[in-house]
Amino acid sequence: MRKTKGSPRHAWTRRTALLAAALGTLVFALANPASAAWPERPITLIVPWAAGGGTDATARIIAKLMEPDLGVPVNVVNRTGGSGVVGHSAIATAPPDGYTIGLITFEIGAMHWQGLTELNWTDYTPIALVNEDPAGVIVRSDSPYKSAKELLDAIRAAPKGKFKASGTAQGGSWHIALGGMLVAAGLPADHVQWVPSTGAATALQDMVAGGVDFVTCSVPEAKALIDAGKVRALALMGKERNATFPDVPTLEEATGIDFQLGAWRGLAGPKGLPEEVTDKLVPLAKKVYDSKEFQDFMASRGFATVYAPPQEFAAFMKARDESTGAVMKGLGLAK
């Protein structure tokens with residue numbers, strides 16, 4: 001006898017088909033975590049630098065402001081070592097499922113030139129550039145050079161190696177900033193003798209004691225000594241002035257030299273993040289960046305905020321990578 005549409009057999013067949021479809025969807029979701037409603041569990045935000053530093057502090061305020069919208073904890077994890085290689089590698093090699101992202105920094109455009117790693121900016125999914133602190137040119141308060149132009153004119157007139165500068169380790173961001181500034185001024189990248197230090201704080205104290213003629217570092221790093229009247233900032237290597245230090249001109253304003261270089265920070269994930277993940281993270285990063293809490297936090301530390309969405313962030317990293325490589329070759333640091 002022919003079964004009607006509403007017969008038990010037809011109902012059983014329909015239930016079986018629906019059950020099979022549901023099971024298929026479940027299996028697909030389990031095999032493809034990012035295809036489920038992301039995020040379903042805590043997210044790790046890796047910082048390639050030590051706790052307590054500027055990059056760590058920036059990552060923690062971002063994580064805090066992201067959590068309400070994501071609905072899951074965003075845990076900041078510091079992965080230090082290898083001059084930034086360990087942490088940057090941990091971000092790049094994480095599963096591209098959206099559960100591990102990181103705050104990558106300037107060093108990703110320098111480490112591979114030094115032969116420390118093969119990683120470069122192309123190994124990441126860019127989410128947003130959120131900060132860049134331009135290098136500053138800092139002198140003692142009693143320095144005879146009242147402007148960056150006077151200092152550069154004196155350097156240009158002096159024999160190679162007469163002037164000494166410091167700011168970080170050999171090949172660090174502020175060393176590269178000095179070399180780039182000199183090249184832009186028509187001088188060899190190594191015309192000024194670089195005195196390696198463990199960081200800006202050490203270099204500034206050495207300068208105050210008379211050990212070096214000037215320091216290249218971010219102006220916020222010199223704020224305490226500026227406020228104490230022990231040092232002066234002559235210029236910063238950015239496109240515009242820092243709102244926290246409105247009286248410090250850009251290098252171009254002070255000398256006519258169009259050169260920018262700074263220590264930057266940006267959110268990124270492993271290469272190949274699913275579209276579902278970036279569709280949530282990219283607008284959320286912009287929301288966090290635009291928030292009063294983030295802007296006030298960064299301003300309180302003197303950090304300059306600079307935003308770039310994924311495509312522009314990628315172009316920014318590419319340009320910085322190329323310019324950094326050129327300077328490092330001039331300094332004899334590229335391998």
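How much accessible surface does the protein have, and what share of it belongs to carbon and sulfur atoms? I looked this up before anything else. The accessible surface comes to about 15,500 Å². Carbon and sulfur atoms hold 56% of it. I note here that the model is predicted.

**Overall count**

I counted secondary structure next. The protein has eleven helices and ten strands. Of its 335 residues, 50% count as buried. I then looked at contacts between residues at least 6 apart in sequence. Of these, 77% join residues at least 24 apart.

**Strand S9**

I went to strand S9, residues 262-270. Nine of its nine residues are buried, so S9 is largely enclosed by the rest of the structure. Which strands pair with S9? Strand S3, residues 100-105, pairs with S9 in the antiparallel sense over four bridges. In that pairing I found Thr-105 opposite Arg-265 of S9. Strand S4, residues 124-140, also pairs with S9 in the antiparallel sense, over nine bridges. There Pro-134 stands opposite Gly-262 of S9.

**Thr-58 in helix H2**

I picked Thr-58, which sits in helix H2, residues 54-70. Is Thr-58 buried or exposed? Its relative accessible area is 0%. The cut-off for buried is under 20%, so Thr-58 counts as buried. I listed its contacts, leaving aside neighbours within four places in sequence. They are Leu-103, Arg-265, Phe-294, Phe-297, Met-298 and Phe-303. Arg-265 is the S9 residue that stands opposite Thr-105.

**Helix H10**

Three of those names took me to helix H10, residues 292-300, where Phe-294, Phe-297 and Met-298 are the buried residues. They cover an arc of only 95 degrees around the axis, so they lie on the same side of H10. I checked the face turned away from that buried side. It carries the exposed residues Lys-292 and Ser-300. What do the buried residues of H10 pack against? I found H2, S4, helix H9 (275-290) and strand S10 (305-308). Just after H10, Gly-302 takes a positive phi of about 80 degrees.

**Helix H3 and His-88**

I turned to helix H3, residues 85-92. Six of its eight residues are buried, so H3 is largely enclosed by the rest of the structure. The buried residues are Val-85, Gly-87, His-88, Ala-90, Ile-91 and Ala-92. Their cover includes strand S1 (43-47), S3, S4 and S9.

Which residues is His-88 in contact with, leaving aside its neighbours within four places in sequence? I wrote down Pro-48, Trp-49, Ile-104, Thr-105, Ile-108, Met-111, Leu-119 and Tyr-124.

**Cavity**

Rolling a probe the size of a water molecule over the atoms shows where empty space is left. How many cavities of 30 Å³ or more does a search of the whole structure find? It finds one. About 40 Å³ of space lies in the largest cavity. Its lining is made up of Pro-134, Val-219, Pro-220, Leu-236, Asn-242 and Phe-245.

Technical notes
Residues are numbered from 1 along each chain as its sequence is written. This is a predicted model: local features need pLDDT of at least 70, side-chain atom pairs count only at pLDDT 80 or more; totals for chains, interfaces and linings use all residues. Side-chain values use heavy atoms; hydrogens and water are left out. Buried means under 20% relative accessible area, exposed over 50%, partly exposed in between (1.4 Å probe, protein chains only). Helices (H or I, at least four residues) and strands (E, at least two) are DSSP runs, numbered from the N terminus. Two strands pair if DSSP finds at least two bridges between them. Contact means heavy atoms within 4.5 Å. Accessible areas come from the Shrake-Rupley method with a 1.4 Å probe; for residues, only the protein chains shown count as cover. The arc is that of the directions from the helix axis to the C-beta atoms. On a 1 Å grid over the protein atoms alone, a cavity is a set of points where a 1.4 Å probe fits but cannot get out, and a pocket is an open set with protein on both sides within 12 Å along at least five of seven lines; lining residues have an atom within 4 Å of a point. Grid points are joined across faces, edges and corners, and a volume is the space filled by probe spheres set on the points.
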